[in-house]
Amino acid sequence: MIARECGALMIGDKITENFQPPAKGGNNRYQRNVPKAQQTVFNYLLDIVHKWPPEQVLDEFKHLFVHHVNTSSSVILPALYEIVFANKEIEFRNTLKRSCYILINNWDLGRHHEPIRQLIALFEDPIIQKKTPSPTLKRLRTWLQNFLKSRDFEELRLFATKYDQSEHWSSHYTPYLLVPQYTNLENSVEQREAARTLSRQLKEKFKVDLAFYTVLADTLESRIDKPENPTLLGDESLRLIKRIVARRGVFSYENLANIFKKQTQEISYSSFKLSLKDYLIYSLTKNECVQYLDQHISGRLEHLYSSYDDKTINDALLLRTCNRIIEYLTTEDHQTPSELFLTLMAQGNPLTLVIVLLKIVLLCRHVRTHLESRIADLVRYYEQLNEEDCKWIISFFEIFRITMTIHAENIEYTLVRMAEKNKSFNSSAQSKMNRYRIFSRVRKQIIDYESDADYSSLSHIEVMDPAKD
């Protein structure tokens, strides 16, 4: 048993054939070339992922990083042990992470999705927890165990979300949880690209699912025929979507943002901050929540970058200012909710906060990545709670992603009023909303759907006027 587990040491005799030879000098210590060893591993995986079936690549990965035996190449295992013998745990972890993302990226490009899930599942192998008398294997397994407890592995597990239907509510916000991965310049190119690609794919899926749901949910009478609701809001989601879509025309949030940008060109930064506060709360229903928001933002903006008050507003100042306001509204330390966020949530109207965040994004599109990173911080903070205990924060997250999809993505939603066959005297808000249907356009292509519903009344439609209803 000991001879077998120490076999890597005998294989390691070949390391001197491929890596830097022992140094000449008094202590004759071996000078290990960790970067070269890492590159050997990366090049090998890149080569086989292009040539071998995914099943064989998975076996080779398992032999190298989990079992540490019987690799097909005579140089790949010695390269790994070069890192182990150098006692560089951080370099081992970086090698392991980048190796995973090399495989994930290439399999995703080839639409091989199941191997990605199987790759993450390899780390459930019980041998990782097995005790061993070999000091070398003990070190390797300890490093693997540490990796499984790390944030790095949590980030890696996100890539199984697309293929596994997790029951935890936080899995619905994986697109945001991936953002810090691809914005962190310390991550490898492969990890950043994999995170960016998956985040974009999941967002696209939600956009299309939401568009189909909004088109069909009101028109199909049978619950069996109705499309699956992509949100966690239940039946209330459709009414919310109609409320969000209803604000159109001259007073749409997009038009207000464009008007504000034109009116604030070439003014001083101090004047811009005063106008910005008015823009953010403009059109919001005046209540205690909005009054608190007004006072709080006014106080923070007054002292923000005050050394630039006499300077003319420019794109750089706009970006920095919007980033700071986003932090005031979400999380200032990137870990815990801000005081303003908690206060606004306690008021019980998350839509107000979401609309303010939307206005910031429409004013400065470049802040969206920063905003989504802060949303990821909030998801991480609350994900320890079960769904039943945090319905209020889930409501905020759902309203946020629905609103951003409707107003800040490439999907056009139109709310139209249908001709009424049976007029009634019910004037409730719910009844008025039921008179309208949502139609969606994705990338300038009208969503096509089949249904037995009667659309003959579409010849008598009326664009909704929020002022009337």
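This is a predicted model: local features need pLDDT of at least 70, side-chain atom pairs count only at pLDDT 80 or more; totals for chains, interfaces and linings use all residues.
**Figure 1**

**Figure 2. Buried residues of helix α5 and what covers them.** The buried residues of α5 are Pro-54, Val-57, Leu-58, Glu-60, Phe-61, Leu-64, Phe-65 and Val-66. An α-helix has 3.6 residues a turn, so residues three or four places apart point the same way. Among the elements covering the buried residues of α5 are α4 (34-51) and α6 (76-85). The cover also includes α7 (89-109), α8 (114-121) and α9 (135-148).

**Figure 3. Helix α18 against helix α21.** The axes of α18 (residues 315-329) and α21 (residues 368-382) come within 10 Å and cross at roughly 20°. Because angles under 35 degrees count as roughly parallel, α18 is described as roughly parallel to α21. The crossing of α18 with α21 is right-handed. From α18, the contact is made by Asn-323, Arg-324, Ile-326 and Glu-327. From α21, His-370, Leu-371 and Arg-374 take part. Sorted by class, this contact of α18 with α21 has 2 nonpolar, 2 polar and 3 charged residues.

**Figure 4. Ser-373 in helix α21.** Ser-373 is placed in α21. Its relative accessibility is 6%, so Ser-373 counts as buried. Apart from neighbours within four places in sequence, Ser-373 is in contact with Val-179, Pro-180 and Thr-183.

**Figure 5. Tyr-381 in helix α21.** Tyr-381 also lies in α21. With a relative accessibility of 34%, Tyr-381 counts as partly exposed. Once neighbours within four places in sequence are set aside, its contacts are with Gln-335, Thr-336 and Pro-337. His-334 and Tyr-381 are 47 residues apart along the chain, and their C-alpha atoms are separated by 9.6 Å.

**Figure 6. The chain as context for the close-ups.** The chain holds 23 helices and 4 strands. Of its 469 residues, 48% are buried. Taking contacts between residues at least 6 apart in sequence, 71% join residues at least 24 apart.

How values were computed
Residues are numbered from 1 along each chain as its sequence is written. Side-chain values use heavy atoms; hydrogens and water are left out. Axes are lines fitted to C-alpha atoms, for helices over the stretch in contact, and angles run from 0 to 180 degrees between N-to-C directions. Helices (H or I, at least four residues) and strands (E, at least two) are DSSP runs, numbered from the N terminus. Angles under 35 degrees count as roughly parallel, over 145 as roughly antiparallel, 65 to 115 as roughly perpendicular and the rest as oblique. A crossing is left-handed if the near helix is turned anticlockwise from the far one by less than a right angle, and right-handed if clockwise. Contact means heavy atoms within 4.5 Å. Ala, Val, Leu, Ile, Met, Phe, Trp, Tyr, Cys and Pro count as nonpolar, Asp, Glu, Lys and Arg as charged, and the others, Gly among them, as polar. Buried means under 20% relative accessible area, exposed over 50%, partly exposed in between (1.4 Å probe, protein chains only).
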